[in-house]
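This report looks at the pockets of one protein model. Please have the sequence and the structure at hand.

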Amino acid sequence: MIYSPPPRITKAVIPAAGLGTRFLPATKATPKEMLPVVDKPAIQYVVEEAVAAGLSDVLMITGRNKRPLEDHFDRNYELEEALSRKGDLRRLAKVQESSDLATMHYVRQGDPRGLGHAVLCAEPHVGDQPFAVLLGDDLIDPRDPLLARMVEVQEREGGSVVALMEVEPEQIHLYGCAAVEPTAHSDVVKVHDLVEKPEPADAPSNYAIIGRYVLDPAVFGILRKTEPGRGGEIQLTDALQQLSADERTGGPVHGVVFKGRRYDTGDRGDFLRAIVRLACEREDLGPDFRAWLRRFVIEEMQAS
């Protein structure tokens with residue numbers, strides 16, 4: 001019998017059909033994924049992360065009023081020509097960067113029924129190959145290559161892999177939660193149960209699922225049969241729970257425990273903190289911005 005290595009993962013799915021109600025009125029006409037984090041829309045950070053992990057084929061699940069997402073990753077010949085005539089090669093390169101990142105595809109989630117339903121919309125594009133799912137609310141610092149590590153684990157172990165992060169027990173009700181057991185690798189655990197947004201007293205651990213997944217295509221068959229769960233939506237966590245309970249369906253479920261830098265842009269306060277952190281670390285903005293921030297903090301402390 002000739003051994004056939006597992007297929008190399010090349011496809012990433014980015015659900016982006018949400019309404020962004022927490023950021024109203026800014027998101028009334030502008031997709032939340034297009035809100036700038038310093039000087040780049042949040043969605044571009046996510047696509048760049050997928051590409052850095054070797055996933056050059058990106059499917060975005062969109063909805064109504066999401067056309068700016070497609071425009072951002074398309075060519076803008078008029079703008080490029082204007083910058084070229086001015087000799088502004090630096091800005092020209094920035095404009096062209098987004099359109100050259102990856103092979104982009106789009107499909108609409110006509111009836112938004114939760115993350116599980118959004119992932120199911122990707123089945124015709126993904127087919128029978130493992131694939132990654134990246135949620136746009138979580139920005140992972142490129143110096144901490146979480147997704148690349150998850151791909152490595154999936155290709156070694158098979159099945160599906162979720163990203164986990166330890167949170168304070170009182171925060172676990174905001175996340176999907178995993179019951180785990182250790183493996184031979186310090187940053188990898190075996191997942192044997194999953195619960196969507198449990199009350200702290202009912203949570204099996206303080207390991208929270210954050211917005212990165214590498215999934216076996218068997219998840220599609222389960223999602224097609226998954227009834228709406230918490231919030232009346234089809235929950236991806238519920239499908240993964242079934243996979244973890246029966247490895248014969250689609251292999252095991254593992255978790256990569258992430259201890260790096262994560263920027264949560266789904267909450268207004270955390271969105272602002274993410275901008276401050278990233279601006280402080282920029283070589284072109286950081287020195288002046290940090291100096292101003294120190295003065296501002298001192299003035300605020302003196303005033304109080």
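## Basis

The model is predicted: local features need pLDDT of at least 70, side-chain atom pairs count only at pLDDT 80 or more, and totals for chains, interfaces and linings use all residues. Residues are numbered from 1 along each chain as its sequence is written, and side-chain values use heavy atoms, without hydrogens and water.

A pocket is an open set of points on a 1 Å grid over the protein atoms alone, where a 1.4 Å probe fits, with protein on both sides within 12 Å along at least five of seven lines; lining residues have an atom within 4 Å of a point. A volume is the space filled by probe spheres set on the points, which are joined across faces, edges and corners.

## Largest pocket

The volume of the largest pocket is about 1400 Å³. Its lining has 45 residues, and Arg-22, Lys-32, Leu-135, Asp-137 and Lys-197 lie nearest its centre. E11 gives the most to this lining, 4 residues. Helices (H or I, at least four residues) and strands (E, at least two) are DSSP runs, numbered from the N terminus.

By type, the lining has 18 nonpolar, 13 polar and 14 charged residues. Ala, Val, Leu, Ile, Met, Phe, Trp, Tyr, Cys and Pro count as nonpolar, Asp, Glu, Lys and Arg as charged, and the others, Gly among them, as polar.

## Second largest pocket

The second largest pocket holds about 880 Å³ of space. Of its 34 lining residues, Lys-40, Gln-44, Tyr-45, Glu-48 and Arg-282 lie nearest the centre. H4 supplies the largest share of the lining, 6 residues. The lining comprises 18 nonpolar, 3 polar and 13 charged residues.
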